[in-house]
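Colleague: Please take me through one part of this model closely. I want positions, partners and cut-offs.

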Amino acid sequence: MKKNYLKITGTLNFIGDLVHIPRKGNDLYKRVLTITTPDNQKLFPELRNNRLSLIDNLTVGDYVEIEFSFEGSEKNDKRYNNIFIFNIKEAI
């Protein structure tokens with residue numbers, strides 16, 4: 001089934017350090033960003049693996065548009081709201 005990505009605009013306030021998570025077969029590389037919307041909502045979406053290069057031309061303070069998906073998970077009786085960026089670009 002094709003995913004429907006949600007779009008939102010906001011200010012890129014933070015770009016986290018590159019995190020490497022070793023896994024059997026497929027290591028995970030990710031950065032967590034902080035985006036603040038015009039109405040002051042804050043979210044912490046992740047860029048992973050081959051999508052990391054999407055922020056190469058962006059800097060903190062840029063007004064951006066992101067397309068993202070929610071991929072919740074459950075581990076050890078805890079629930080997580082995972083927000084994954086599909087695309088990010090400077091907003092017009």
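Modeller: Thr59 is partly exposed, because its relative accessible area is 47%; buried means under 20%, exposed over 50%, and partly exposed in between (1.4 Å probe, protein chains only). This is a predicted model, so local features need pLDDT of at least 70 and side-chain atom pairs pLDDT 80 or more, while totals for chains, interfaces and linings use all residues. Residues are numbered from 1 along each chain as its sequence is written, and side-chain values use heavy atoms, without hydrogens or water.

Thr59 sits in the loop between strand 5 and strand 6. A strand is a DSSP run of E with at least two residues, numbered from the N terminus. Take the C-alpha atom of Thr59 and that of Glu74: 15 residues separate them in sequence, and 33 Å in space.

Now follow the chain into strand 6, which covers residues 63-70. What does strand 6 pair with? Strand 1 (residues 6-15) is one partner, antiparallel, through six bridges. Strand 9 (residues 83-90) is another, also antiparallel, over seven bridges. Pairing needs at least two DSSP bridges between two strands.

Ile66 shows both pairings. In strand 6, Ile66 stands opposite Ile8. In strand 9, the bridge partner of Ile66 is Ile88.

Ile66 and Ile88 come up again in the core. A nonpolar core is a set of buried Ala, Val, Leu, Ile, Met, Phe, Trp, Tyr and Cys residues joined through side-chain atoms within 4.5 Å. The largest one has 14 residues, and Leu33, Val64, Ile66 and Ile88 have the most contacts inside it. Strand 3 (28-36), strand 6 and strand 9 each supply at least two residues of this core.

Look at Leu33 next. Leave out residues up to four places away in sequence, and Leu33 touches Leu12, Phe14, Ile15, Leu43, Phe44, Pro45, Leu47, Ile55, Ile85 and Ile88. Contact here means heavy atoms within 4.5 Å.

Strand 3 also pairs with strand 1: four bridges join the two, and they run antiparallel. Leu12 and the strand 3 residue Ile35 stand opposite each other.

Back in strand 6, consider Phe68. Is Phe68 buried or exposed? Phe68 counts as buried because its relative accessibility is 6%. Beyond four places in sequence, Phe68 touches Tyr5, Leu6, Lys7 and Ile8, along with Ile83, Phe84, Ile85 and Phe86. Leu6 is 62 residues from Phe68 along the chain, yet their C-alpha atoms are separated by 5.4 Å.

Tyr63 belongs to strand 6 as well, and is the bridge partner of Thr11. Which residues outside its sequence neighbourhood does Pro38 contact? With neighbours within four places set aside, Pro38 meets Thr9, Gly10 and Tyr63. Pro38 and Tyr63 are 25 residues apart in sequence, with 9.8 Å from C-alpha to C-alpha. Pro38 lies in the loop between strand 3 and strand 4 (42-43). It counts as exposed because its relative accessibility is 65%.

Most residues other than glycine have a negative phi. Asn76 is not a glycine, but has a positive phi of about 50 degrees. Asp77 is not a glycine either, and has a positive phi of about 60 degrees. Asn76 is found in the loop between strand 7 and strand 8 (78-80). Asp77 has its place in the loop between strand 7 and strand 8. Asn76 counts as exposed because its relative accessibility is 75%. For Asp77 the value is 86%, so Asp77 counts as exposed.

Strand 1 in turn is joined to strand 3 by four.
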